[in-house]
Amino acid sequence: MRILVTGGAGFLGSHLVDRLLAEGHEVIAMDNLLTGSTDNIAHLAGNRRFQFIYHNVTNYIYIKDDLDAILHFASPASPVDYLELPIQTLKVGSLGTHNALGLALAKGARFLLASTSEVYGDPLVHPQTEDYWGHVNPIGPRGVYDEAKRFAEAMTMAYHRTHGVDTRIVRIFNTYGPRMRLNDGRVVPNFIKQALRGEPLTVYGDGSQTRSFCFVSDLIDGIYRLLMSNEVEPVNIGNPAEISILEFAQRINELTGNQAGIRFEPLPKDDPKQRQPDITKARRILGWEPKVPLEQGLAETIDWFRTRLDRP
Ligand code: NAD
Ligand code: UDP
């Protein structure tokens, strides 16, 4: 297949590009480097089945070649990023998704949307199943991301129903691993960076809020299976092993031997209190479940960050 990955120079997009190339596909990564970096795809220079196009997908997308699939991953994803870039986030989720769907229609290509557990907001149903409609504050600071993704899902289903585009929607839960940006503000890079520098870990609130962390290789495998499946309705992909942020901080201090402890800071507005994917559907229709335990994934991620820490 010839596959376009928007956001292909980002954390997840670049891992996806690697997997697609390993499966023998031709890949075009499109990115405007808003939150991504060519460092993530530098190892692909010279690969004849790979090309990179610098482009903002909020603007009309032109691709000369035929395409078999479009994987739409472009969007700031870290709360710090999307709070700094609220309008770009809304535009890439709305206009960018519309452009990518229009291209899929024109090329007769399959379309896969990178959606998020944030469509469930601060969830009142736990763990979250795909049929839960969510609990989102549209006018809160996180609304720019949550509502953009909810709009993107609605637009994807409209293109499916109206134009018959062959669509997929993956609802991605917190994912971590090598190539996360050291300063993207998400909890994994923040804690690892602080631990490796011997600083206290900044736990927001009392740390009783929970998340469920999936290692990147597991996530990419789930997404690839979804792409190759026939499932049009959203599918949760994430690791159901739920942990409080306080316990997560303690684990990272143990794994790194950091003696500096924990520092409590205010909880950001609308921070979801709990999050855990129900992956019954992914297990049933994709035969997928995560394999990498937290300790193993964190050890790999810590090693990677160690090599990056002293770079400018
Ligand atoms: P990331 O910031 O590393 O990657 C996003 C990429 O999109 C970056 O390379 C950025 O430069 C690019 N981009 C942003 N706006 C663009 C635009 N207008 N035109 C072209 N490129 C643009 O983030 P990530 O963690 O890799 O997330 C990738 C996708 O997965 C996002 O859509 C995000 O919403 C979704 N997601 C990620 C997670 C996670 O835990 N990492 C969870 C849920 C959903
Ligand atoms: N968090 C924290 N300290 C940090 C960064 C994040 O305690 O230095 C918390 C944050 O408040 C949230 C959780 O960790 O409860 C996960 O935050 P992240 O930004 O990684 O992603 P989210 O799941 O909120 O989108």
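Reader: Which residues of α5 are buried?
Author: This is a predicted model, and burial here is a count of neighbours: a residue is buried if 20 or more other C-beta atoms lie within 10 Å of its own. The residues of α5 that pass are Val187, Val188, Pro189, Asn190, Phe191, Ile192, Gln194 and Ala195.

Reader: Is α5 mostly covered or mostly uncovered, and how many of its residues are buried?
Author: The helix α5 has 10 residues. It is mostly covered, and the number buried is eight.

Reader: What covers the buried residues of α5?
Author: The cover includes two strands, β7 (175–176) and β8. Helices also take part. Among them are α7 (245–256) and α9 (294–308).

Reader: Which element gives the largest share of the shell around ligand 2?
Author: The shell around ligand 2 has 15 residues, and Val187 and Asn190 are among the closest. Both α5 (187–196) and β8 (201–204) supply at least two residues of this shell. The largest share, three residues, comes from β8.

Reader: Which domains each give at least three residues to the shell around ligand 2?
Author: The domain assignment gives two domains for the protein. Each of them supplies at least three residues of the shell around ligand 2: domain 1 (2–175 + 214–237) and domain 2 (177–211 + 241–275 + 292–308).

Reader: How many residues does the contact take from domain 1 and from domain 2?
Author: The centres of domain 1 and domain 2, taken over C-alpha atoms, are separated by 25 Å. The contact takes 24 residues from domain 1 and 16 residues from domain 2.

Definitions and conventions:
Residues numbered from 1 in each chain as written. Chains lettered and ligands numbered in written order. Predicted model: local features only at pLDDT ≥ 70, side-chain atom pairs only at ≥ 80, totals over all residues. Near = placed C-beta within 6 Å. Helix = DSSP H or I, 4+ residues; strand = E, 2+ residues; numbered from the N terminus. Domains from an automatic or database assignment. Buried ≥ 20, exposed ≤ 12 C-beta atoms within 10 Å, placed from the backbone. Contact = placed C-beta atoms within 7 Å.
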